[in-house]
Amino acid sequence: MGKLKIKKSDVWIDMTPMSDVMVLLLTFFMLTSTFVKNEPVKVNQPSSVSEIKVPEKDVLNILVDNQGKVFMSMDNQSDMLALIQKVNETSNLGLTGLEMKKFQTDPLWGIRMGSLKGYLSLPQEKMTEVITGSEAGVPLDSIDGGKSEFQLWVTEALNVNEDIKIAIKADAATPYQRIKKVMSELQDMNQNRYYLITSLKTGEDK
């Protein structure tokens, strides 16, 4: 008896729907992702058991490095430009439009207002040298018995965006008195609600 031959048929899978889904997912992640700025000042924050998340947008970040120098940053570049325009007007800094655009794209700021114009006129690599140097840091001392430069920055940031949240990110080795000074400056402005950025403590940290 002869063998029955089974007719072989080619298997064809339409990959078009899968390709469509992959393109849609890729587009979604590209549009919703936020790029992290490369901060020239590194802060090794302490660990804690708190799981409260810091908001992802509309945040005024206050960084305090291990030497106690204070730096500030904002996640929204539109707010950054509006902020420097307000500070330039109220403090008569004499900044040009190009210098203010440069401030807008800077990862963070932390220098005396009187030195800000000279700082923004430098090439990017020189700006990094200055911001990581010994003379950097937003002053916390009051000006003629009034507000400190730190308080002026915070005030104008709140004027630019009334919904902005304040977050403090301090290094684990930062002297406590320096962090207390930052908190006191905020309390003097009746800003008693802010986030403390820490790393989540794991079982290995115990």
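## Close-up views around helix H6

**View 1. Helix H6 packs against helix H7 at an angle of about 55°.** Welcome to this predicted model. Helix H6 covers residues 149-160 and helix H7 covers residues 176-188, and their axes are 10 Å apart. An angle between 35 and 65 degrees falls in the oblique class, and H6 and H7 are therefore oblique to each other. The crossing of H6 past H7 is right-handed.

**View 2. Here are the residues through which H6 and H7 touch.** On the H6 side, look for Phe150, Gln151 and Val154. Their partners in H7 are Val182, Glu185, Leu186 and Asp188.

**View 3. A closer look at the contact shows which residues H2 and H6 bring to it.** H2 contributes Asp79, Ala82, Leu83, Ile84, Lys86, Val87 and Thr90. From H6 come Trp153, Glu156, Ala157 and Val160. The residues of the contact of H2 with H6 include seven nonpolar ones, along with one polar and three charged.

**View 4. Phe103, Trp109 and Trp153 gather in one aromatic cluster.** The count of aromatic pairs in the model comes to three. One of them joins Phe103 to Trp109 in a tilted arrangement, with 5.2 Å centre to centre and 45° between the planes. Phe103 and Trp109 are both buried.

**View 5. Trp109 and Trp153 form a tilted aromatic pair.** Their rings lie 5.1 Å centre to centre, with 45° between the planes. This pair links distant parts of the chain, as its two residues are 44 residues apart. Trp109 sits in the loop between helix H3 (97-105) and helix H4 (116-120), while Trp153 belongs to helix H6. Are these two residues buried or exposed? Buried means under 20% relative accessible area. Trp109 has 2% relative accessibility, so Trp109 counts as buried. Trp153 has a relative accessible area of 0%, so Trp153 is buried too.

Terms used:
Residues are numbered from 1 along each chain as its sequence is written. This is a predicted model: local features need pLDDT of at least 70, side-chain atom pairs count only at pLDDT 80 or more; totals for chains, interfaces and linings use all residues. Side-chain values use heavy atoms; hydrogens and water are left out. Axes are lines fitted to C-alpha atoms, for helices over the stretch in contact, and angles run from 0 to 180 degrees between N-to-C directions. Helices (H or I, at least four residues) and strands (E, at least two) are DSSP runs, numbered from the N terminus. Angles under 35 degrees count as roughly parallel, over 145 as roughly antiparallel, 65 to 115 as roughly perpendicular and the rest as oblique. A crossing is left-handed if the near helix is turned anticlockwise from the far one by less than a right angle, and right-handed if clockwise. Contact means heavy atoms within 4.5 Å. Rings of Phe, Tyr and Trp (its six-membered ring) pair if their centres lie within 6.5 Å; planes under 30 degrees apart count as stacked, over 60 as edge-to-face and the rest as tilted. Buried means under 20% relative accessible area, exposed over 50%, partly exposed in between (1.4 Å probe, protein chains only). Ala, Val, Leu, Ile, Met, Phe, Trp, Tyr, Cys and Pro count as nonpolar, Asp, Glu, Lys and Arg as charged, and the others, Gly among them, as polar.
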